[in-house]
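Trainee: Could we go through this model together? I would like to check the terms against the values.

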Amino acid sequence: MSDQHAVEVLDGQTKGGCPVVHFDFNQPMPIHSYHSELDRLRALSPIVWNTYGGGFWMLLDDQTVRDAFHDHEVFSSEATIPTVPEPDWHWIPTMENPPKHKLYRRVLNAPFSPRAIRDREEQIREHAISFIEPMVAKGRVNFVEEFAKEFPTKVFLEILGLPHEDSKQFVGWVETVFGGLGAEAEGAADAMAQAQASIRGYFVDLLADRKANPREDDFFTDLSRSHIGDEPITDEEFLNICGVLVLAGLDTVKSQLGYTMLHLAEHPEDRQQILDDPGLIPVAVEEMVRVYSIVMDGRKVVQDTEFHGCPMAAGEMAMLTVPSATRDETKYADPARVDFNRTDATGHLAFAAGPHKCLGTHLARREMNIALEEWHKRIPHYRAVQVDELRETGPQLGLEDLWLEWDVAE
């Protein structure tokens, strides 16, 4: 393999007419390497076969990823890790297909609807301020550890009615699960299984409490009494859904905030735009979510098909490589450049598409908008340090650290 690239192109090898490559998406790489390597792959072909982990297709441009998201009859959600075609777990609703998927989503939509998030805006803002204010006098923080993990976790647990003091154990469990997804390192799978068991155990106790002591206006009480179609929800469904909500809700905003603040720290000209006109912040958030999208989702091919000219066999896996699709040159002009004046950024796939479009889209956007607004009111000028030490891994991209510094007023 080249010292310069994490992706090895296996010259002369093809599968179904598509190039064959080797790309270990669990390999730690210097910051922004994943996006640049995916840009390089997409320039090779919109679809490639990756030999890593037993082999799977990588869909790399906007159209292939978009079409796969919308075609559950070919690209099934029954397996969502590209290297694990036969998972021994089943996440609800993540791994459900229509029409049952819609029944599960129906009982989850209310607390994450646009109206519900608008009603919580004042509380979300208060939480952001409560984390930022004590930082102002420090002049140096690990943004990921002290804000990007803490702020969205507090908001999310509050929406669910869980105590914030439980956040550290939840964050630890979630990080362990994501660290084990598709990883081949010794002990990763066992650690992942133990973390999932710990999450389940937490909600076993919670469910017992809600059955014995139901509460008014309580998410878990309402969920425990809900129906999936005409059938009352089972305990197993309840526990599964709760575990998935925690996994989905506690990591993505953290990762997007990390990339966003790193970009603004390294591009003071972009930061100045939102300082001069805070009304640009929603546009800035949307653009940086597009350029630095993070989720590399998987689907299982469940029937033989020819997809965009590429023959795929039932049983094979496909990666819907969103961080590549959102930088597709055929859809966006100069796609790797953050441009707050862009007119072609609508409809990006950073929050997925089709039936499985992210349940927390409205919450994530609101949290990021508020975070940028309140941070820049108090800490308008800052710089990233120790950037050369930053590393990122897949299958969900993210930073574990981001040190920011600024001058403290005397």
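Mentor: Gladly. This is a predicted model, in which local features need pLDDT of at least 70 and side-chain atom pairs count only at pLDDT 80 or more, while totals for chains, interfaces and linings use all residues. Residues are numbered from 1 along each chain as its sequence is written, and side-chain values use heavy atoms, with hydrogens and water left out.

Trainee: At what angle do helix α12 and helix α16 pack, and how far apart are their axes?

Mentor: Helix α12 (residues 252-266) and helix α16 (residues 361-378) pack at about 40°, with axes 11 Å apart. Axes are lines fitted to C-alpha atoms, for helices over the stretch in contact, and angles run from 0 to 180 degrees between N-to-C directions. Helices are DSSP runs of H or I with at least four residues, strands are runs of E with at least two, and both are numbered from the N terminus.

Trainee: What makes the crossing of α12 and α16 left-handed or right-handed?

Mentor: A crossing is right-handed if the near helix is turned clockwise from the far one by less than a right angle, and left-handed if anticlockwise. The crossing of α12 and α16 is right-handed. On the α12 side, contact (heavy atoms within 4.5 Å) involves residues including Leu257 and Met261, and on the α16 side Met368 and Trp375 are among them.

Trainee: Why is helix α7 called largely enclosed?

Mentor: Buried means under 20% relative accessible area, with exposed over 50% and partly exposed in between (1.4 Å probe, protein chains only). Nine of the 11 residues of α7 (residues 150-160) are buried, so the rest of the structure largely encloses this helix. Among them are Phe151, Phe156 and Ile159. Just after α7, Gly161 takes a positive phi of about 80°.

Trainee: How do you know that β5 pairs with β13, and in which sense?

Mentor: Two strands pair if DSSP finds at least two bridges between them. Strand β5 (residues 56-59) and strand β13 (residues 317-321) have three bridges, in the parallel sense. Met58 has Met319 as its bridge partner, and Trp57 stands opposite Ala318.

Trainee: What is the sense of the pairing between β4 and β5, and over how many bridges?

Mentor: Antiparallel, over four bridges. Asn50 stands opposite Phe56. These strands form a hairpin with five residues between them, and Gly53 in the turn has a positive phi of about 60°.
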